[in-house]
Amino acid sequence: MIQRVLLLAALTACSLAAQFSIVLVQNGQEVTSDDNHYGFGSSVPIGTAVDLHFRLKNAGNDAAVVVSLSDPHFSLLSAVPATIPANKSADLMVEFKPTQATFSSSTVTVNATVLATFQGTGIVRPAATVSLENGSPLPSPLDFGNVTRGATASRRIVLSNPATADLVVYVATRGAPFQLQPIASPITLPGSGSKTIEIDFSPATDGPLPNALLVNQQVFPLLGTGIEPPFPQPTINIGLAKIASAEQGTLQVAFAAPSQAAGGGVVQINFQPAIASANPDSGIQFISTGTLTVPFTVRQGDVAVRFGSADNAVFQTGTTAGHLTFKLTFDARDNASTEKTITISPGPVGIDSTQAQRTSAGLDLKLSGFDNTRSASKIIFTFFDQNATALSPGAITVASAGAFQQFFESSDLGGVFGLHAFFPVTGNPAQVDSVQIEMVNSAGSMQTGKVRFTTTPSTFHR
Amino acid sequence: MNKAAIVLALCATAALAESNFSVPLIGIARDARQQLRFVHGVSGNFVLRQAIGNQVRDWTFAGFGGLVKTGTELLFLDVNAAVVRRRSILDSDIAMSPGAMPLAALYFLRAENELWVSGAVADRKVPIAPEAIAGTVVALGPSGRNQAVLAVCRADSLSLLTVNLRTGTVMAETAPGGSIGEKTCSAKSAALLMIGSRLVLATGNAVVIQTDNGGEHRIPLLAAGGAKPELHRAGEHWIQLEIAGAPSLMIRVDGTDDKCYRLPGAGQDR
C-alpha cells in the first residue's frame, strides 16, 4: 500500500516536469514527423545553406533549456531562450550547410534528451547562381534602403545555370513586403542559361523589414526599411480683413494633395519689428495657445492640417509694424518647412476707445490706442462748445515724444498705450461740450471725431 | 469772459507727463484654465495678465469697479480690479451689475429674493417686496441716480422693472419687444445681460444685441449639443461669452458696430 502511494507520488512529480517536443514550422503551420526525423534536402549544393524553422514546445513546467546539435553541418541561427515557461514555446532557425558531398545527420538534444534527428545530403552538383545584373555577387543582405510606405523599390537579379543540363529552380521570398516579378516558380533554366527576375519591396509598415530570397533552398538575406511617406507640399493661407495692427486673422494650411502621411508639427510666429531694438510685443500670439506657437496634426487623407478640432488657427497681429513670418515645421524629419510672411506697415496712431467726463473740477479724458511705429510726437486737443465752435485759442499742441518714448521703453505690449489727461477748469466746465484729438507719429496723423463730455457713464433707459 | 477763463486754464495745464501713460485695461475675463485674469490691450489685441482668482462662479466688471462671486464669497473690485472688500454669501444664484458712477454695484440674490446696493464699507438691502418682482430676476443694471432696472422672467414673458433703490418701489414696468422679449424666458438655454442701454441675449445659436430704440443686431453662434452660454460683463464696453467646448469670445458693445473677437487662450502668466 505504501509502495503504491510512493509510485503515485513519483508519477505526479513526473507529470509536473518539463515536457519538450520539437516540430517543424512550414508556412506558419506546425508539421510533426512520426519518427522525429526532419530532412533538409537530399541534394544541397556544397557551400549553400538550407534554413528550416522549428518550434520547441514545453508542455510541462517552467524549465531551463539547453539545446545541442551533434553534427557541425547543422547550426542554430536563432538564440535559444534560457528558459521556456510552462505551455510556451520558442522558435528556432536551424541551418544545414554541407561542406562535402555526403549524408549528414545530427541529433537534437534538449536538456540531455534527444528529441529529433536532422538529416541532409550535400552534393557537388552546381546550384543555380544568383548575381546582380552587372554580374557581381549578391551582397548580404541585399539592401533596398529606405522606402516610403505605399511606394515600391525594385532590384533586378540574374539566376544562372552553370551546368550543361536543364536546372529546375524554385524561387521565392519569405513573403510580404518582398515579392518577385514574375511570380511563377519553378523556373527551368536550360544548360548555361539564365533569367532575370525582379524583387519588389513595398513596405506597408515603418521600420526595418528583414526577409530572404530562397533559391532552391539557398537563402539570400534581403533587407528593406519602411519609412513614413513625406507630407504633400503645404501652403500657408492667411485670412485677414486687413493687413494691419490690432487685427485677428486666421491661418490655414492646405496640402497640394491628400496626405499619405500622418503626424504633426508646429506653426511658429517669428516677428521682425520695423523699429530697431523694439521691446517685445506680447500681443502677437496664437489665440488658442496664447503663445507664439500652435501645434497641428495631420491624419492620413487630410487635405489640410488640423489645429485641435478646427481647420484654422486664429492669431493676433499685435501693435508693432514689421514682418510676421509664420513657419510651419513637421515633427517628422525629411519634411521641408514652409513659411509665409506678412508685412504690417507703419501706420498712423489708432484710437480704440475714448472716455470724456466732465467733473466739477475740470475735464477728464481717457483714451486707449496703439502706435505701431512707437514714434508718437504730438497730441493736439481742440475743445468745442455746444455750438461746435472751437474754444479759443483753438488747437492746443502738446509735444509728447519724450513721454511716449519713455512709456514704450517700459512696456512689453507693443505699441499699445492708455492716456489719461485731466484739464482743470476755473470757469464752468459745462460750457465745454466736446474735444477732438489729433495724434501725430512718423507715419502720419490721425484725428478722432468730436468726443462729447458726459457727466456719468451710460445707464439703462428705455 | 467765461470762455476766456476756460481757455486759459486749458492752456496752462495741457502738458503730459509719462505717468499719464499706462497699459490700457480692457477688463477681466476667464481663461481656458478657469482663472479670472486681467485683460490688457485694445480691440483685436488682447493680452491676458495675472490671475485675480480661481474657482470663480460669476463676475461683472466695468471701468470703475465690479463684483466677483466665488463659491463662498462676493468680492468687490475697484477701478483697477483689485479686491477692496469681501462678503460671505451662500453659494447660490446671483445676478450682478457693476453699477455706473456714482451708483455703486448692484446684486440680486435669487434664493433670498434680495436686491442689494454695494457701499464703501457695507451693503444696503433695497426694501423691495418679492410680490413686486413676481418672477425670476435674470439680469439687472443701473438706470440713473438711485434707480435700477431688473429684467424679470414671469413664465415665458420678460419684463423690465424700474426700481427706486431707496424705497424699493417699482416705478415703471415695460416689456421689451424683438427676439429678446420673445426668447429670453422661453429659450432652453439663454443668458441675458444689461450693458449701458443695451440688452444682450445669448442662446445656443446666436448673440442678440438690442439697443435702446429696440433695434436688434444678431451675431450667429454654434454651441455644441445645446450647451448653455454664459455672459459676463468683462469691461466698460466688453462682454465675455463662454460656451462649453467652444473658444471664448469677447464682444465689444458700443457705438453702432458691435464686434466679436476671440479671447486668447491661457498662455503664460505675464
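Me: Which residues have the most contacts inside the largest nonpolar core?
Reply: Phe381(A), Phe383(A), Phe404(A), Phe417(A), Val435(A), Ile437(A) and Met439(A), in a core of 29 residues. Such a core is a set of buried Ala, Val, Leu, Ile, Met, Phe, Trp, Tyr and Cys residues joined through side-chain atoms within 4.5 Å. Buried means under 20% relative accessible area, with a 1.4 Å probe and protein chains only. This is a predicted model, where local features need pLDDT of at least 70 and side-chain atom pairs count only at 80 or more, while totals for chains, interfaces and linings use all residues. Residues are numbered from 1 along each chain, chains are lettered from A, and side-chain values use heavy atoms without hydrogens or water.

Me: Which elements give two or more residues to that core?
Reply: β32 (362-370), β33 (378-384), β34 (396-399), α2 (401-410), β35 (416-424) and β36 (434-441) of chain A.

Me: And what does Val435(A) touch?
Reply: Leaving out residues up to four places away in sequence, its contacts (heavy atoms within 4.5 Å) include Leu365(A), Phe381(A), Phe383(A) and Phe453(A).

Me: OK, zooming out. How many helices and strands are in chain A?
Reply: 2 helices and 38 strands, counted as DSSP runs (H or I, at least four residues; E, at least two). Chain A is more spread out than a compact globule, because its radius of gyration is 42 Å, well over the 23 Å that the globule rule gives for 462 residues. That radius is over C-alpha atoms, and the rule is 2.2 Å times the number of residues to the power 0.38.

Me: How much of chain A is buried?
Reply: 44% of its 462 residues.

Key. Buried < 20%, exposed > 50% of the residue type's maximum accessible area, 1.4 Å probe, protein only.
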